[in-house]
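Let's take a friendly walk through a protein model together. Have the sequence and the 3D view ready as you read.

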Amino acid sequence: MENCFIISIAFSVICAISACDSYGDITKVETTGASEKTAKQDGLTAKGVEASKKLAETDLNRMNKYKDIISKVAQAQHIDPAIIAGIISRESRAGAPGLLKNGWGDKGNGFGLMQVDKRYHTPVGAWDSEEHISQSTEILTGFIKKIQKKFPSWSKEQQLKGGISAYNGGEKNVRTYEGMDKGTTGNDYANDAVARAQWFKKHGF
């Protein structure tokens, strides 16, 4: 019985490690952070990575309410939980009051913490549920895989960033590595989401 327990713990550790590596190391992804437009959401005068960090920090208390769900989904889908947190922060500010109406945002097109677009997907679950985060993460990893096929010569970290950009603008919008955010919301989606994810990685996710 004791040996089974040790094996179970070891398996969990291996799964946790693989979850961080399956789609690349978020801490190694290059990022320029939030645009001036995005930074102004919170009245910040600075832009870039520091602005993204401030935005993420503002969302931390709300994000912590979903930490267990995020971790469970991340382990099941072999992706770093910090990436999910970064996207939740970018999409809904972790459910900040006033941003969502009955779980809906983006003029009634986006649903939930990760803003599943009803024009392309059928949202499932409650807006802040494990089911919702699981569906959204499947959509995200699907885009990462599409970018992996589209740009096989890119590094895993570049493909990861491209997939994050595609989550907002679609894989067709990702044409070059340097210009992947052109056409995304604020023209900074991946750069901002990555910077936020890197901050959450250092703060418990």
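## Who lines the pocket

Helix α6 supplies five residues to the lining of the largest pocket, which is the largest share. Keep in mind as you explore that this is a predicted model.

How big is this pocket? The volume of the largest pocket is about 960 Å³. A total of 35 residues line the largest pocket, and those closest to its centre are E91, D106, Q115, N168 and T185. Several elements each give two or more residues to the lining: α2 (36-39), α5 (81-92), β3, α6 (130-150) and α7 (156-169).

## What kinds of residues are there

## A sheet of three strands

Now turn to the strands. Three of them form an open sheet in the order β1-β2-β3, and their pairing is antiparallel. Which strands stand at the edges? They are β1 (104-105) and β3 (116-117); each has a single partner strand, so one side of each has no neighbour in the sheet.

Look at how β2, made of residues 110-111, meets β3: the two strands pair in the antiparallel sense over two bridges. Here you can find F111 opposite V116, a residue of β3. Strand β3 is also one of the elements that give two or more residues to the lining of the largest pocket.

Finally, find helix α3 (residues 49-64) and helix α8 (residues 189-201). Their axes come within 8 Å and cross at roughly 55°. Angles from 65 to 115 degrees count as roughly perpendicular and those under 35 as roughly parallel, so α3 is oblique to α8. Is the crossing left-handed or right-handed? Helix α3 passes α8 in a right-handed crossing.

Methods:
Residues numbered from 1 in each chain as written. Predicted model: local features only at pLDDT ≥ 70, side-chain atom pairs only at ≥ 80, totals over all residues. Heavy atoms only, no water. Pairing = 2+ DSSP bridges. Helix = DSSP H or I, 4+ residues; strand = E, 2+ residues; numbered from the N terminus. 1 Å grid on protein atoms, 1.4 Å probe; cavity = no way out; pocket = protein on both sides within 12 Å on 5 of 7 lines; lining within 4 Å. Points joined across faces, edges and corners; volume = space filled by probe spheres on them. Axes fitted to C-alpha atoms, helices over the stretch in contact; angles between N-to-C directions. Parallel < 35°, antiparallel > 145°, perpendicular 65-115°, else oblique. Left-handed = near helix turned anticlockwise from the far one by under 90°.
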